[in-house]
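Let's take a walk through this model together, one region after another. Keep the sequence and the 3D view open side by side as you read.

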Amino acid sequence: MNALGAVHGPAVMRRLAGAARWLTTPLFPDDYLSLVNPLWSEAELCGRIEAVRPETADAVTVVIRPGVGWKPHRAGQWVGIGVDIAGVRHWRTYSLSSPPGRPDGRVTITVKTVPNGLVSRHLARRTTPGTVVALTGPAGEFVLPEPPPARLLFLTAGSGITPVRAMLYDLLTGPRAHQGTAGRKNIRHSPAHGTEHPGSPDVVLVHSAPTPEQMIFGAELRHLAARFPNLSLHQRHTRIEGRLRPADLTAICPDWAERPAWVCGPRGLLQEAAEHWPADRLHIEHFRAAAQMRVGEGGRVRFTRSGRQIDADENTSLLAAGEDAGVLMPSGCRMGICHGCVVPLVSGRVRDLRSGQAHGEPGDLIQTCVSAAAGPVEIEL
């Protein structure tokens, strides 16, 4: 650069920057990037669906390429998915079924459709590759410690296998499988195979599903068990053998009471596990807030800004009631964790669906996803 260019270079750059600001007003450069490729936007975390693979007649695995801003997850965590349906964005949370650090940078969720499930049916039946969805960052504490225990038990039922699938791959094929267990003898005994296996921990997986055909990842789990001698798989087909009870575990895994347990599945399974395991050895994942079923309450819920109202029973969350009334409800995890659904209470009292306790004064901020009406309620929405 000559002397004149060296002197006037900064001034020229300032003029160019000013011109760029003028050209992009009222939009910002990030707005243009999102038009070219939504995954480049730093303003909103998005992901592109690249495949939807059937697992069973009512479950699919959705392969997602996250955009800029995605932070690596830990096996067992969940993610929020924002899906636009008929011009309205609906948020749901799903466990990540893929282990961390996939070479292709993709992540997966595995969705089981539920009756009248707006988002699950949309993802499973109507979503095509190329669809862009909104994402939250990974979250949740249903994860393994560092280092993992020498022996552990996974107890799952139905779609409760989804976070555990990620853990299994992380333990058996990921970096953990080659690290051993620090500070301990690196030899694990597998009771199912009667052999000793060096490396990753001794894992027992007990998984229930109504039938073999309804077992999500059934063939995959059997392949893993055949490949890794330190993984013992017990499959329970409840329509044939009946529901698994904690008393059945002694025959399946004689040392079950000594193993830390990770349990995920229907509420009944979680409640029974909580009654049989010491709290310091039990890790539970709730797919939705555990509600205290009540009788004789509920009330009319009025949304003051929109003028809409609806009668809700004692077990319907205010979030669900608002959506049923056509109110645009803020939401996030829908489990009482992220506080993305918090709104002001104008009048009335609400009942916490987890504890059953009634509370609330005018002006209080309430979590609509885990609160139900305890009489007439007015909410500022």
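**A pair of helices and what surrounds them**

H4 and H6 are roughly parallel to each other, a label given to angles under 35 degrees, while over 145 counts as roughly antiparallel, 65 to 115 as roughly perpendicular and the rest as oblique. The axes of helix H4 (residues 161-172) and helix H6 (residues 218-227) cross at roughly 30° and come within 12 Å. Axes here are lines fitted to C-alpha atoms, for helices over the stretch in contact, with angles running from 0 to 180 degrees between N-to-C directions. The crossing of H4 and H6 is left-handed, that is, the near helix is turned anticlockwise from the far one by less than a right angle. On the H4 side, Ile161, Arg165, Leu168 and Tyr169 make the contact, and they meet Glu220, Leu221 and Leu224 of H6; contact means heavy atoms within 4.5 Å. Sorted by type, the residues of this contact are 5 nonpolar, no polar and 2 charged. In that scheme Ala, Val, Leu, Ile, Met, Phe, Trp, Tyr, Cys and Pro are nonpolar, Asp, Glu, Lys and Arg are charged, and the others, Gly among them, are polar.

A word on the model itself. It is predicted, so local features need pLDDT of at least 70 and side-chain atom pairs count only at pLDDT 80 or more, whereas totals for chains, interfaces and linings use all residues. Residues are numbered from 1 along each chain as its sequence is written, and side-chain values use heavy atoms, leaving out hydrogens and water.

Now step back to the whole chain. It holds 10 helices and 21 strands, which are DSSP runs numbered from the N terminus (H or I of at least four residues for helices, E of at least two for strands). Of its 381 residues, 47% are buried, where buried means under 20% relative accessible area, exposed over 50% and partly exposed in between, with a 1.4 Å probe and protein chains only. Among contacts with a separation of 6 or more, 62% join residues 24 or more positions apart.

Next, look at helix H3 (residues 118-126), whose buried residues are Val119, Ser120, His122, Leu123 and Ala124. Their cover includes strands S1 (46-56), S2 (59-66), S3 (78-85), S4 (88-95) and S5 (107-112). Within S2 you will find Val62, which is buried at a relative accessible area of 1%. What does Val62 touch, not counting residues up to four places away in sequence? Its partners are Ile49, Ala51, Val107, Thr108, Ile109 and Val111. Ala86, in the loop between S3 and S4, has a positive phi near 55° although it is a residue other than glycine; at 80% relative accessibility, Ala86 counts as exposed. Phe217 also has a positive phi, of about 65°, and sits in the loop between strand S10 (202-209) and H6, but Phe217 is buried, with a relative accessible area of 3%.

Finally, turn to Ser331, in the loop between helix H10 (318-324) and strand S16 (342-347). Ser331 is buried at a relative accessible area of 15%. Setting aside neighbours within four places in sequence, Ser331 is in contact with Trp91, Leu319, Gly340 and Cys341.
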